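I opened this notebook to keep track of what I looked up, entry by entry, while getting to know a structure that was new to me.

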4 protein chains.
Amino acid sequence: MKVGIVGASGYGGLELIRLLQNHPEIEQIDLFTSSEVGTVFSQKYPHLVNIHDQPMKAIEPEHISKLDTVFFSTPAGVTTKLLPPLVGAGAKLIDLSGDFRLKDQGTFEHWYQKDAPPIEHLEKSVYGLPEWNKEDIADAEVIANPGCYPTAVLLSLLPLLKNKLIDGSQLIIDAKSGISGAGNKPSQATHFSETNENFSIYKIHQHQHIPEIEQAMNTFADQPDPIMFTTHLVPMTRGIMTTSYAKVNGQVTEEQLVNCLQETYKDSPFVRILTDVQKVSTKQVYGSNYCDIHVKVDPRTNQATIIAVIDNVVKGAAGQAIQNMNIQYDLNEKTGIDIIPLWI
Amino acid sequence: MKVGIVGASGYGGLELIRLLQNHPEIEQIDLFTSSEVGTVFSQKYPHLVNIHDQPMKAIEPEHISKLDTVFFSTPAGVTTKLLPPLVGAGAKLIDLSGDFRLKDQGTFEHWYQKDAPPIEHLEKSVYGLPEWNKEDIADAEVIANPGCYPTAVLLSLLPLLKNKLIDGSQLIIDAKSGISGAGNKPSQATHFSETNENFSIYKIHQHQHIPEIEQAMNTFADQPDPIMFTTHLVPMTRGIMTTSYAKVNGQVTEEQLVNCLQETYKDSPFVRILTDVQKVSTKQVYGSNYCDIHVKVDPRTNQATIIAVIDNVVKGAAGQAIQNMNIQYDLNEKTGIDIIPLWI
Amino acid sequence: MKVGIVGASGYGGLELIRLLQNHPEIEQIDLFTSSEVGTVFSQKYPHLVNIHDQPMKAIEPEHISKLDTVFFSTPAGVTTKLLPPLVGAGAKLIDLSGDFRLKDQGTFEHWYQKDAPPIEHLEKSVYGLPEWNKEDIADAEVIANPGCYPTAVLLSLLPLLKNKLIDGSQLIIDAKSGISGAGNKPSQATHFSETNENFSIYKIHQHQHIPEIEQAMNTFADQPDPIMFTTHLVPMTRGIMTTSYAKVNGQVTEEQLVNCLQETYKDSPFVRILTDVQKVSTKQVYGSNYCDIHVKVDPRTNQATIIAVIDNVVKGAAGQAIQNMNIQYDLNEKTGIDIIPLWI
Amino acid sequence: MKVGIVGASGYGGLELIRLLQNHPEIEQIDLFTSSEVGTVFSQKYPHLVNIHDQPMKAIEPEHISKLDTVFFSTPAGVTTKLLPPLVGAGAKLIDLSGDFRLKDQGTFEHWYQKDAPPIEHLEKSVYGLPEWNKEDIADAEVIANPGCYPTAVLLSLLPLLKNKLIDGSQLIIDAKSGISGAGNKPSQATHFSETNENFSIYKIHQHQHIPEIEQAMNTFADQPDPIMFTTHLVPMTRGIMTTSYAKVNGQVTEEQLVNCLQETYKDSPFVRILTDVQKVSTKQVYGSNYCDIHVKVDPRTNQATIIAVIDNVVKGAAGQAIQNMNIQYDLNEKTGIDIIPLWI
């Protein structure tokens, strides 16, 4: 297979290269750029010397359409314009940005403050959460790869919501992310001296992943209520933890919650349900495509705390995109992304 | 004034030395130890060379009682035995450990899994949260200095609860702390290679600060319901953020919440109410005795997010202890602890 | 005293505010800016809410000259133009940038790749290394505050060179700095995700502090040879360590080196000579104006390893600038900067 | 192939598991322990849930000798006793500890302060630096896997020494390591709150890697002089940089040094010679088996600065051990360790 990456310099792009380079079915990886045509990639990123020394290419539709799959790892608003002309030209298209995730144009424009993609493309794009949408993914031409926060939130809450074990009308989701989620563009918010040894809360009630989570809860679990969702920055590069709080319905027990999660994901190789642990940490999935989930009911308040951890750049971006590609090409889901976490 | 510190090697103790050393009313600081009598303190902690080069002393009641104030920065269970014989001997006693915070012996024993102090001493000890208990502190002989998490939670929630602006029956408090909260004793949980670049949740629903928070909410805000409280470890040394979620009562507006906080703390030099910010971060109080609070109502869910940040070792421990001492001796509350945060 | 800071938004400026705010002789601190006139400083830097809420002022000579001292914490090349018109107008001028450190215009232009200041101003400016130049500092109108790396290198090597105990013709200096040395302007080199968990070497043989160190070694220790000097970036915010290697002359012993250092600095409150230690670390001077020095002779190679640590923002910038101001005004050198290091 | 790991809980052991788990020729990995027999490994290390869920086994010679290769990742002094009885029993033995590296018993005992292994075993063990000792490795029964620091130092200096391009009599090597080099056992020196935001120098002139480096320089480059070697701890988990300083011989140019390195390693897949870079950093080899080398001559002092970076846990330990195993079994050197570095 021959694949291309648009936006390879970003962190999603770098991680796609890391994973695709060792993917046994990939024989060629083309990197596309609008601003650095001709630059040898390993001169910009010396960790890839002797690994990927090809020059970056211009984004030309005739070239791109000859590839099997093209990944877009571009800032919000870019694929809205770049992707539509390529649809139907031959390559499967996987968009890691948020442009094609929201089905409703008005919702997109409200939360992203940008023009939405054409409605016919929004309608045809498939939300690429493999554990919940595998059949549609297998047939999709355009995949909207999920956001990093939604991946952790949805994998941990959808089973419990769908099975009516928790009360979806009062969900509170407290999310924490490493700094790589902010991308590779320097800013005051990612400046080492002001980020190191610092923990912050940002975009309170305003994160664009809110409507994405709500849409997926509605689609996959018939859960229509608004959520309370906040995001924090942790002084580390990789990793997301989401801590969610929900009332359990009726007499539902912790055991039932655990069973529901285990049953839901018994055939999902990348979701691990943790039991009997005192501690859950982001490092236990570092560099890997795993999503680890733990649930605990507080007998004093009869509420459940549901915890999920992922590597935001892998299961929250590039790894999940490749998982989607594997499904589209009827490969084993784990091909090329069966990576052991780096505990240290 | 002459003061003593029992447990100076711990982080609360080290921070007491840092702050007391520049306190204009303190002329002598004695360090007490049970295990390292005679060791020159700056040989153990070279950052104090030329600053505090005295040997540590044995814990002898006759010596201790001649001091004006003695701070105890010891592990749970130590002051339960150490402190009672010293009561009434002359020195004011400020306990930074949790031993004397809970008024109910059974509650203490349930959460701490240790024998409780004698009931008569529990009853006489005063909870040292200066912004809420100044009069009792001024007269107290034994002060139970608040825990780090409770300080941030209580300062940010008590005004809103007391004024019935938020619904106290469904509080959810998601707390995050730097690693120094775990003290100076090495363990796997504080081992650099497994803590760095890692974010974890621990003691889910089981933290001993839960009954402390509930007791204070009941005492100061007439709020009896159990809380949902979880604690996370952030890969940084200092800093606590608590993110609390509460339904607002009736038609209460964000403005009313802000006004209530501002009004409550208008004479409290160490509490700052932040308005008009996109971001709140622990570094903005680093090394200082400030507690910064921000509140925002989400119009979509009609819930309030209430954020508080403190330096866990200062306002969450040593700084607050000195603030209590200042009040006991009728000094300006800020004496010796009017420290500017280190933003970088 | 009334003081002003030009370039307050930078890290040198922020640290000047932190230290001057608690300086007992300072009654007014004006902040000057060319680009943000009128902005309330604490809106930009919320850690200063309730501490420094004044708006920034335009850089107007008539205003500036009424102040007692003006600190310039500006990028290279700025004071070259900004400072000369202010000389003689009344205020003492302390420049934290490198513009006035090198006496030779050609050397400046070679290493800084910028136009040098007028020669008459270069000649009159005084190199502000208090432990070696106190008399000239006391009388100076313009002080060139030393660079961060040179401060650590010179304090640790000058005594040994001046007393001919080590061979100055073959000095090798391996320097390591925290990221705050790169200032507050975001760039790829200071971007958290690429700096965290990373150690790098930069500007190999090309750092502009090389001629500054050589000039001072020539001036204060009659040592004219070129040095070998490299600089590394450590994934932390504050702190510099310099590890220097030198052949000892003749039969000189470790004891003689230690004695020479102790003798040299016996009246210098901010220089501490460490003996009998297995380890030296930057954290032991964190946030303080100390420079800690340790020396050890390797009997196998008969070479000395000389280690110095400072906080680059304090003794390497703002703290030393205030030390210079104290000397100019005949105050105790330690006034306002007698700060205890934060070990944790 | 079936392999075993003695000391799997240590960081070398964990990294062996990470790499061997995806090694295409390995079908079984047994973990051996003296203290935790029966413990399911993934209960201790949850990042391995669903990956390595087998219980740990007792160290029984009859079991061990049926394996193809056994790796020992144990503290100093353990294999001295554990390994000799296993020699000749069938399995190839690869020791990641320092016990079998030094050929001279007296030297071992001086630097390690422990009893040396039997001389006959020392003599037969082969130093496993593949780029310099491939033929002996291919035939070896016992391999002494090199230390982390020596790997970086030797790969970067041996070619220049062997070809007499630099002066070996005055080498100065300034080494910096991440904290994982200290292993998984908690101590004050690895305690997060005292290690984070701190850079330290330790074991000045006393590191046990000194005689290992000197022995290899003598063996492979006929260079007998003592070296000056110091070690520093960087607040990060993984990564080593060594910065070495040497006089160039005669009229040798930078180009000659670069050519020599490139020529030496033209068939070595894991050594990359960097040219035309302003910066070298440990992150560029993170998680991988690469050693990146850069050399630069300072025209002012006619000395060379030679920089090497490795991941201490991979090329400095587990990766190199597997590289040795591959050579022993005549596999492609890169099998199972052809890992792309994680730049972020």
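**Entry 1: the model.** I noted before anything else that this is a predicted model, and I kept that in mind for every value that I wrote down.

**Entry 2: chain C against chain D.** I looked up how many residues take part in this contact, and found 55 residues of chain C in contact with 55 residues of chain D. The two chains bury about 4600 Å² between them, and 58% of that area is on carbon and sulfur atoms. On the side of chain C, the residues that lose the most area to chain D are C:Glu197, C:Phe199 and C:Arg300, which together make up 16% of what that side buries.

I then turned to the polar side of this interface, where the count is four salt bridges and 34 residue pairs are in polar contact. By residue type, the side of chain C that touches chain D divides into 24 nonpolar, 18 polar and 13 charged residues. One salt bridge that I looked up joins the side chains of C:Asp174 and D:Lys176, at 3.1 Å from N to O.

I also found strands pairing from chain to chain: strand S9 of chain C, residues 200-202, runs antiparallel to strand S13 of chain D, residues 279-281, over three bridges. In this pairing C:Ser200 stands opposite D:Ser281.

**Entry 3: chain A against chain D.** Here the contact takes 30 residues from chain A and 30 residues from chain D. The buried area comes to about 2800 Å², with 66% of it on carbon and sulfur atoms. Of the area that chain A buries against chain D, 26% is supplied by A:His47, A:Ile340 and A:Ile344, more than by any other three residues.

How many salt bridges cross the interface of chain A and chain D? The rule finds zero, while the count of residue pairs in polar contact is ten. Helix H1 of chain A, residues 11-20, gives the most to the side of chain A that touches chain D, with three residues. That side divides into 17 nonpolar, eight polar and five charged residues.

**Entry 4: strand S5 of chain D.** I followed strand S5, residues 92-95, and saw that D:Lys92 and D:Ile94 point one way while D:Leu93 and D:Asp95 point the other way, with all of them buried. The strand pairs in the parallel sense with strand S4, residues 69-72, over four bridges, and also in the parallel sense with strand S7, residues 142-144, over three bridges. D:Ile94 takes part in both pairings, as the bridge partner of D:Phe71 and standing opposite D:Ile143 in S7.

**Entry 5: helix H1 of chain D.** I asked myself how many of the residues of this helix, residues 11-20, are buried. The helix is mostly covered, with ten of its ten residues buried, among them D:Tyr11, D:Glu15 and D:Arg18. The cover includes helix H9 of chain B, and from chain D itself strands S1, S2 and S4 with helices H2 and H12.

**Entry 6: C:Ser97.** This residue is found in the loop between strand S5 and helix H5 of chain C. I asked why C:Ser97 counts as buried; it does so because its relative accessibility is 5%, which is under the cut-off of 20%. The side chain of C:Ser97 makes a polar contact of 3.2 Å with that of C:Thr79, and reaches the backbone nitrogen of C:Asp99 at 3.3 Å. Beyond its neighbours in sequence, C:Ser97 touches C:Phe72, C:Thr74, C:Pro75, C:Thr79 and C:Asn145.

**Entry 7: salt bridges.** Over all chains the count comes to 56 salt bridges. In one of them C:Arg272 meets C:Asp292, with the closest N and O atoms 2.8 Å apart. This pair links strand S12 to strand S14 of chain C, 20 residues apart, and both residues are buried.

D:Arg238 lies in the loop between strands S10 and S11 and D:Asp311 in the loop between strand S15 and helix H12, so the pair ties together parts that are 73 residues apart in sequence. D:Arg238 and D:Asp311 are both buried. In chain A, salt bridges that share partners join A:Glu15, A:Arg18, A:Arg238 and A:Asp311 into one network.

Note on methods:
Residues are numbered from 1 along each chain as its sequence is written. Chains are lettered from A and ligands numbered from 1 in the order in which they are written. This is a predicted model: local features need pLDDT of at least 70, side-chain atom pairs count only at pLDDT 80 or more; totals for chains, interfaces and linings use all residues. Side-chain values use heavy atoms; hydrogens and water are left out. Contact means heavy atoms within 4.5 Å. Buried area is the accessible area (1.4 Å probe) that two parts lose on being put together, summed over both. A polar contact is a pair of N or O atoms within 3.5 Å; within protein, one must be able to donate a hydrogen and the other to accept it, and residues adjacent in sequence count only if both atoms are side-chain atoms. Ala, Val, Leu, Ile, Met, Phe, Trp, Tyr, Cys and Pro count as nonpolar, Asp, Glu, Lys and Arg as charged, and the others, Gly among them, as polar. Two strands pair if DSSP finds at least two bridges between them. Helices (H or I, at least four residues) and strands (E, at least two) are DSSP runs, numbered from the N terminus. Buried means under 20% relative accessible area, exposed over 50%, partly exposed in between (1.4 Å probe, protein chains only). Lists of a residue's contacts leave out its neighbours within four places in sequence.
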